Amino acid sequence: MALQLNRDHLEAIRDHGRRDYPTECCGILLGHAKGDHKQVVEVIALKNLRREPEKARELLPVADPDRETERNRFLIDPRDQLRIEKGARAKGLEVVGYYHSHPDHPAQPSSYDREHAWPWYSYVIVSVQDADPKEVNSWVLAADRSRFEPEAIQLANSPHPHAAPVHLSEHSESNGL
Ligand SMILES: [Zn+2]
């Protein structure tokens, strides 16, 4: 499996992480699935609903409101999700994945991320340290949901598209995010 995107897509994700620091940003990746590759065509920045705690609580009760905040959780408004899926279909695209940031934490999925993910989709995480976006990794949930597996990111327009220059294969889960 590999996720193909271009430098503009990557920059859009990194910029969003910088803009929303120190809260988590989130968004949707639209594109095409081709065999075992997914090609990103559009990166759509969304509002992290956790920044509106009242609304977020209506949709998804939190176990521990003091620990689960917009700084370490993201939540996509289902109305945004529906609107974007509809728009994507009209353009002949599909949702191929999601992205979010980890402020001051590594670009590795947390156990929370795993519990709220679906198989097949790409989950791109950008680590943002002191408002500065660092590494970007993509992950795919195993079919039995037991773990995330690293997914290569291939940059289009890159002289060596198979070198996966931004991917780091760290397998551990970070705490709390
Ligand atoms: Zn996360």
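## The β2-β3 hairpin

Strands β2 and β3 form a hairpin with two residues between them. Gly35 sits in the turn and has a positive phi of about 60 degrees. Helices (H or I, at least four residues) and strands (E, at least two) are DSSP runs, numbered from the N terminus. This is a predicted model: local features need pLDDT of at least 70, side-chain atom pairs count only at pLDDT 80 or more, and totals for chains, interfaces and linings use all residues. Residues are numbered from 1 along each chain as its sequence is written.

Two strands count as paired if DSSP finds at least two bridges between them. His32 has Gln39 as its bridge partner in β3.

## Overall layout

The chain holds four helices and seven strands. Along the sequence, the pattern is β-α-β-β-α-α-β-α-β-β-β. The chain has 177 residues, and 37% of them count as buried. Buried means that 20 or more other C-beta atoms lie within 10 Å of a residue's own; exposed means 12 or fewer, and partly exposed is in between, with C-beta atoms placed from the backbone.

Contacts in the chain were also sorted by sequence separation. Among those between residues at least 6 apart in sequence, 64% join residues at least 24 apart. A contact requires C-beta atoms, placed from the backbone, to lie within 7 Å.

## The barrel

Seven strands make a closed barrel in the order β1-β3-β2-β4-β5-β6-β7. The pairing is mixed. From one strand to the next, the twist averages 35 degrees. Strands of a sheet pair through backbone hydrogen bonds, either parallel or antiparallel.

In this barrel order, β2 stands between β3 and β4. Strand β2 covers residues 26-34, and β4 covers residues 94-103. These two strands run antiparallel and share six bridges. Leu30 has Val95 as its bridge partner in β4. Cys26 stands opposite His100 in β4.

## Helix α3 across the strands

Helix α3 spans residues 78-90. It lies across β2, β3 (37-46) and β4. Relative to β4, helix α3 runs at about 140 degrees. Axes here are lines fitted to C-alpha atoms, for helices over the stretch in contact, and angles run from 0 to 180 degrees between N-to-C directions.

The peptide bond from Tyr21 to Pro22 is cis, with omega near 5 degrees. Pro22 lies in the loop between α1 (7-20) and β2.

## Loops around β6

The loop between β5 (122-129) and β6 (132-141) contains Asp130. Asp130 has a positive phi of about 50 degrees although it is not a glycine. Asp130 counts as exposed because it has 9 C-beta neighbours inside 10 Å.

Ala131 lies in the loop between β5 and β6. Its phi is positive too, at about 70 degrees, although Ala131 is not a glycine. Ala131 has 13 other C-beta atoms within 10 Å, so it is partly exposed.

Arg147 belongs to the loop between β6 and β7 (148-155). With 12 C-beta neighbours inside 10 Å, Arg147 counts as exposed. Arg147 and Glu115 are 32 residues apart along the chain, and their C-alpha atoms are separated by 9.5 Å.

Note on methods. Contact = placed C-beta atoms within 7 Å.
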